[in-house]
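User: I would like to go through this structure piece by piece. Could we begin with the strands and then turn to the helices?

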Amino acid sequence: MSRTANVGAAVPPAPVQTIGGGLLFPLSARPPRAARPRTARRPARLTPELAEALANGTLRLLAVDQGSIRCGLALFIGERIAWTKRISATEGWSWGRRMRWITDHLRERLEGERPDVVAIEDVVVWRSAQTALSMGETRGWLMCAIEHWYPGIRQMAINPASVRGAVEAGARREKAIDRYGRVAEMLLGVKVSEDEAAAIAIGLAARAELRRSAQLAAAGYDPECYLCPGNSRSGGARNAAYAGTFVFDNDFATLTAATPEFTHDESGLLVAQSERGTCRVVCFSPRHDLTLARMAAAEIRAVIDTWAEQYTELG
């Protein structure tokens, strides 16, 4: 769904907080964070090349179960698992040395086998915040290394719940790991390490997301998207069955016309004042799969005309 958000016009005075005269951030009438519903992650769009490889069964997908000591890998080619591998570093080594060891061995294993897509699980807190931080550092390191080796490669962040769902595993870590192992053994005919089994589960989840992306691209409509024609939005309003551009007031606007007057000044050090305004969302096209770059010139002209109309209306 091609779209742009928060086309806004401010009505004086303005919600900004400053320190020593420097702009920090807007103060707004947004509802508290807990009151705003979390939107489901939308499947990533497929490039024509990836869509063709997926349809032909030749897509090379590398799934990575990241870890700062052990790392699980699984390479899918189409529907087939070509190979799995576990890379282990020595626990007593420094974090940097472990990361270099893991990435060196990952690079060696991928020599001559460039993947089309790399899928890495999102960070999840299994044990503690410290564990999550360590996993996040490792994940960032691996993603940077892969981008360095293969500039522009598609990297997918896979939700842990999607990984468990792909193999019908429960929410408890121990049961999920057991289920990963059972599914891996069923697919490969042999037992593999926990890390390799987890990588296979990540790969299955990534493949499911890619297939859904292809289906949505073919249909041009996502029944779960808040912006598609005729769908209900998170605030309860329903979109019109629009056929071109579509404009509506942002359901969770940063600026509103009802913001009360407010000023605060602590000896010129901490200065804040409120701002009123209007925030709107512009949907470029009713098709969920389109981006502005893929639209026809006449369709792009309609988007620009809509921007100009909103600029004139909002002043």
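Analyst: Strand 4 (residues 60-65) is mostly covered, as five of its six residues are buried. Buried means under 20% relative accessible area, exposed over 50%, and partly exposed in between, with a 1.4 Å probe and protein chains only. Helices (H or I, at least four residues) and strands (E, at least two) are DSSP runs, numbered from the N terminus. This is a predicted model, in which local features need pLDDT of at least 70 and side-chain atom pairs count only at pLDDT 80 or more, while totals for chains, interfaces and linings use all residues. Residues are numbered from 1 along each chain as its sequence is written, and side-chain values use heavy atoms, with hydrogens and water left out.

User: Which strands join strand 4, and in which sense, parallel or antiparallel?

Analyst: With strand 5 (residues 70-77), strand 4 pairs in the antiparallel sense over six bridges. Strand 7 (residues 117-121) runs parallel to strand 4 and is joined to it by four bridges. Two strands pair if DSSP finds at least two bridges between them. Strands 4 and 5 also form a hairpin, with four residues between them.

User: Leu75, then: buried or exposed?

Analyst: Leu75 lies in strand 5 and counts as buried because its relative accessibility is 0%. Leaving aside residues up to four places away in sequence, Leu75 touches Arg60, Leu61, Leu62, Arg80, Ile81, Ala82, Trp83 and Glu113. Contact means heavy atoms within 4.5 Å. Leu75 and Ala199 are 124 residues apart in sequence, and their C-alpha atoms are 8.9 Å apart in space.

User: What is the strand order of the open sheet?

Analyst: The open sheet has five strands in the order 6-5-4-7-8, with mixed pairing. Its edge strands are strand 6 (80-88) and strand 8 (154-158), each of which pairs on one side only. Neighbouring strands are turned by 20 degrees against each other on average, direction ignored. Axes are lines fitted to C-alpha atoms, for helices over the stretch in contact, and angles run from 0 to 180 degrees between N-to-C directions.

User: Which strands does helix 3 lie across?

Analyst: Helix 3 lies across strand 4, strand 5, strand 7 and strand 8, and runs at about 175 degrees to strand 7.

User: And how do helix 2 and helix 3 cross?

Analyst: The axes of helix 2 (residues 95-109) and helix 3 (residues 129-149) come within 11 Å and cross at roughly 40 degrees. The two helices are therefore oblique to each other. Angles under 35 degrees count as roughly parallel, over 145 as roughly antiparallel, 65 to 115 as roughly perpendicular and the rest as oblique. From helix 2, the contact is made by Trp95, Met99, Arg100, Ile102, Thr103, Leu106 and Arg107, and from helix 3 by Glu137, Thr138, Trp141, Leu142, Ala145 and Trp149. By class, this contact has eight nonpolar, two polar and three charged residues. Ala, Val, Leu, Ile, Met, Phe, Trp, Tyr, Cys and Pro count as nonpolar, Asp, Glu, Lys and Arg as charged, and the others, Gly among them, as polar.

User: At what angle do helix 5 and helix 6 pack?

Analyst: Helix 5 (residues 173-188) and helix 6 (residues 194-219) pack at an angle of about 80 degrees, and their axes are 8 Å apart. Helix 5 is therefore roughly perpendicular to helix 6. Helix 5 contributes Ile177, Tyr180, Gly181, Val183, Ala184, Leu187 and Leu188 to the contact, and helix 6 contributes Glu194, Ala197, Ala198, Ile200, Ala201 and Leu204. The residues of this contact divide into 11 nonpolar, one polar and one charged.

User: Changing topic, why is strand 12 largely enclosed?

Analyst: Strand 12 (residues 276-283) is largely enclosed by the rest of the structure because six of its eight residues are buried. Strand 9 (residues 246-249) runs antiparallel to strand 12 and is joined to it by four bridges. Within this pair, Phe248 has Val281 of strand 12 as its bridge partner.

User: Which residues does Arg233 touch?

Analyst: Arg233 is found in the loop between helix 6 and strand 9, and it counts as buried because its relative accessibility is 10%. Not counting residues up to four places away in sequence, Arg233 touches Tyr226, Arg238, Asn239, Phe246, Phe248, Asp249 and Asp251.
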